[in-house]
Amino acid sequence: MELTKEIIKETKDIETPFLFVDLDSLKNKYKTMKECLKDIEIYYAMKANSDSNILKTLHSLGSKFETASLNEVLLLKKLGVKAENIIN
C-alpha cells in the first residue's frame with residue numbers, strides 16, 4: 001500500500017493512461033522462467049509491449065523476440081538485437 005501511495009505521488013504530473021513497469025521484477029521473473037525452462041528458447045512477443053526499456057532489459061538477459069511487422073524488426077536491430085534472435 002505504501003508503494004502505491006509513493007507511485008501516485010511521484011507520477012501525479014504524468015499524462016494518463018501510462019504504464020508503470022518494475023524492470024527489476026521483470027528481470028527476476030525472466031530469470032526464474034529461464035531457470036525453469038532450461039532447454040527452451042524464450043521469445044518475447046513484441047505485440048505485448050514494445051517499450052524500448054522492456055526490450056533492452058530482455059535483450060540484456062538473452063531473450064529472443066517474435067515480431068509481427070518490419071517496424072518491430074527495425075526497432076530491435078536499432079537496439080542491437082541480432083537477426084538470428086528475431087522471428088517473424
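Figure 1. Helices (H or I, at least four residues) and strands (E, at least two) are DSSP runs, numbered from the N terminus. This is a predicted model: local features need pLDDT of at least 70, side-chain atom pairs count only at pLDDT 80 or more, and totals for chains, interfaces and linings use all residues. Residues are numbered from 1 along each chain as its sequence is written, and side-chain values use heavy atoms, without hydrogens or water. Along the sequence the pattern reads α-α-β-α-β-α-β. The C-alpha atoms fill a box of roughly 45 × 30 × 20 Å along the principal axes. Of the 88 residues, 23% are buried (under 20% relative accessible area, 1.4 Å probe, protein chains only; exposed is over 50%, partly exposed in between).

**Figure 2. Helix α2 packs with helix α3.** Helix α2 spans residues 23-36 and α3 spans residues 52-60. Their angle is about 35°, and their axes lie 10 Å apart. Axes are lines fitted to C-alpha atoms, for helices over the stretch in contact, and angles run from 0 to 180 degrees between N-to-C directions. L23, L26, K27 and Y30 of α2 meet N53, I54, T57 and L58 of α3. Contact means heavy atoms within 4.5 Å.

**Figure 3. N85 sits in the loop between α4 (70-78) and β3 (86-87).** Is N85 buried or exposed? N85 counts as buried because its relative accessibility is 19%. N85 touches Y43, K64 and F65, leaving aside residues up to four places away in sequence. F65 and N85 are 20 residues apart in sequence. In space, their C-alpha atoms are 6.2 Å apart.
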